[in-house]
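Here are some notes to read beside the structure. Please take the points in order.

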Amino acid sequence: MSAGLMIYNVLCLAVPFSVALLLAALGENFNQRAGVFNLGCDGIMCMGAFLGFMVPFSLKATPWAAYGNLLGIGAALAVGAAMGVVFALVTVTFRASQGIAGIGLQMLGWGLAGTLFRHFVGGVTGVEGMAAIAIPGLSKIPFLGGVLFNHNALTYTALLLVPACWFLLYKTPWGLKVRAVGTHPRAADTMGIHVDRIRYQALMLGGAMAGLAGAYLSLCQAKMFSDDLVAGRGFIAVALVYFGRWSPLGILGGALLFSIAQSFQLSMQVWGIKFPYEFAVMLPYVLVIVVLALARKARQLGPTDLGKPYNREMRF
Amino acid sequence: MTPSLEPISELKLEGITKRFPGVLACDGISLQVRRGEVLALVGENGAGKTTLMNIIMGLYRPDSGTIHVNGEEVHFHSPGDAYARGIGMVHQHFMLVPNMTVAENLALGLKELHHFMNLDIKGAAKRIREVSERYELPVNPDAYIWQLSVGEQQRVELVKTLCLGARLLILDEPTSALTPQETDDLIVRLQRMASELAIIFISHKLNEVKALSDRVSILRHGAVVFNGQTANHEPSELAALMTGHDVVLPRNEGSGIQGEPLLSVQNLCVRGDRGNLVLDGLSLELRAGEVLGMAGVSGNGQREFADALAGLRPVESGQILFGGKDLANRTPREIIHAGMGYVPEDRQTEGIVPSFSVKDNLILKDFAEPRFSKMAFLRKKEIDSNAEVLKERFDIRCPSTSTATGSLSGGNIQKVILAREISRGPKALVAVYPTRGIDMGAQEFIHEQLLARRREGIGILLISEELEEVMNLSDRIAVIYKGKILKVLPAVEATRERLGILMAGLADPDSPGDAQAEVPAGAAHE
């Protein structure tokens, strides 16, 4: 196999791998920009994955079957937003510690999805999932066509969300408010901005995007559901936000780097290269740790009030 | 512009009362201010000035009392409501988002620039240019806040508040973080603006009050104790009303006895936060039983020098000889044990642990001594009695020694720190801006304490920007400029003008010979 073909194969696999991470991390970025880090992202993805699978699965033999996928995605978005609101209630309104609340939400989502799955479905069952849509014309471009323009609708959506999130964050009034409440909430408050309200909105949006990321895993990637489908991707997504320095483009870079490492290790197994399998699986995770450790500590551009609840009458 | 019903011409407060747990912050306060008038609001730390202003702005809700604008009763639920009626505030700690531009900071509050999926940032920049031209407050709308100096940020705050439509400005200790030059500049600008606005000016500094205000109201323990025309009263009179007794800031009546050299700093080089050499061959000698004042515009290496002395910042090269030992690059613990006392610049974060009680903060440096701990257990009784003794001796005003230190006023926090440092019996004491932002009463007490320690033979290095303070307390004055000591002169030879010229890095008019030799060398290391 030529080196060019190997690279092509790795990249073709890496783009779909990156989608779930990208969606979740872009959503988490809104949370963190608003000053709240949501470790529950992983749990929200579990619930999103479960509903994304469950809805089309139960509509299979009904007249609604044609809309199954769409309704599944809608359900995943809704449950994500709802869990975002629950998290906001705990951390913004009641000012609970964000780290602990996040771990709680993660375990809730993970446990609930698994329990509901076992109760309603049980064994291993697949769904049809979403089919790839080759974009006419563009998909015929040599090399790039296969890498970028021969995927399902959610993949295109995720890639388009990168500039969209950038625009939302830097060019709209809402994005301005989000950045302000995450960096200097008291300043935002003195300018007449409702800090808590903006944090609720950001957590809702972030939750919905994590739900969507989960639905992508069950509907597009695995076309099935199981307890360990999400496999800690929510935590990787949180790490990618730091890695990407709270910028959508940086997050895209991080998600791609991680996915390339992952698809590389899979490809090595496929090619039959003699290499300890466990070590290869470890590779992407090690990469994230190394990159995070070496990342510059310049917080000038990030949300400096990340993780702190805001209390207007707090005196110190 | 925000829909002001009509330009604010009068603000009237009646019987405003606000309680915090354990504190009556405002006790039936009534005030009035009209357009074209500057009302100075003075009072010691913790007198309730800032709380009152936060109530006007709608940040706090009063427990009782009413606010009238143009004779009509109003209820503000957030600062947005206050701005809508033309009331704006410049907070003591700037309310600017550092990672956003000046224009973005303004746009946050200008709702009419918020369109669906579109932020009119150009409109904000235009508004800033208009206002900054009209009031002669130069500001670059595209600069990021973190790139600006403190003085520039202050201007941004003023422009921002005016852009938001404020015609009644509340300025909460606007000069507390400014250099003397920036302060003079601000006072001149405010005087120019006063005719078409109403201004409430909060300050400790009575000379500023005198220069700027038409009327003055004095708050003590949350209540108004005095109202009057500024022109009719002397600063000393106001100081007495503010503290409840006559304030005479003590002076160093130097006996001229020079003690043994105690601390000798030689060719010290230290890097700043950005990696550049901030201290570049600084040499200095402190003797026992003297106050050595270090004067200079902030940012010339004072902070880095203090950090290096306390062991909080690595030393590139040079020596800090103290009691025959080189303390450069030693740990803070070793330096503490060597007998160095330290009153840090940032008392909230470096001087105390804000959430710890007063008594715990008082033993922060000695908790491991046998006096306060036995077999790895803290000796509660000893700690309590130590705190009671120090509370009495240093006049620390707190509900109890178990109160969280961070909830005390600045002056009392500083007394806690000073009590801890002095009661340890140090040989030398480094005090960095010890009275910055502190009221007259506490300032008087702290000055007395420093002079008393001097008489006991402790060497005191006093780093300050307040020329009065340096000149009042010092035996000798060292002027720092760009990381070097430009000149050391006996305090008796120092005048405000001479120090001002030296602090600006210019040649010393009284002895041109030596100064000229040093200035270019200092200026070369930018």
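1. In this predicted model, contacts between residues 24 or more positions apart make up 77% of the contacts in chain A with a separation of 6 or more.

2. Chain A contains twelve helices and two strands. The radius of gyration of chain A is 20 Å, close to the 20 Å that the globule rule gives for 316 residues, so chain A is as compact as a globular protein of that length. Read from the N terminus, its elements follow the order α-α-α-α-β-α-β-α-α-α-α-α-α-α. Along the principal axes, the C-alpha atoms fill a box of roughly 65 × 45 × 40 Å.

3. How much of chain A is buried? Of its 316 residues, 52% count as buried. The chain exposes about 13600 Å², and 73% of this area is supplied by carbon and sulfur atoms.

4. A nonpolar patch lies on the surface. It is formed by Phe264(A), Ile273(A), Phe275(A), Phe279(A), Met282(A), Leu283(A), Val286(A), Val290(A) and Leu294(A), which together have about 770 Å² of accessible area.

5. Which element gives the most to the nonpolar patch? That is helix 12 of chain A, residues 277-294, with six residues.

6. Phe275(A) is also in the patch, but its place is in the loop between helix 11 (248-271) and helix 12 of chain A.

Key
Residues numbered from 1 in each chain as written. Chains lettered and ligands numbered in written order. Predicted model: local features only at pLDDT ≥ 70, side-chain atom pairs only at ≥ 80, totals over all residues. Heavy atoms only, no water. Patch = residues over 30% accessible without salt bridge, like charges linked within 9 Å, V, L, I, M, F, W, Y side chains within 5 Å. Areas by Shrake-Rupley, 256 points an atom, 1.4 Å probe, with all protein chains shown as cover. Salt bridge = Lys/Arg side-chain N within 4 Å of Asp/Glu carboxyl O. Helix = DSSP H or I, 4+ residues; strand = E, 2+ residues; numbered from the N terminus. Rg over C-alpha atoms; globule rule 2.2 N^0.38 Å. Buried < 20%, exposed > 50% of the residue type's maximum accessible area, 1.4 Å probe, protein only. Contact = heavy atoms within 4.5 Å.
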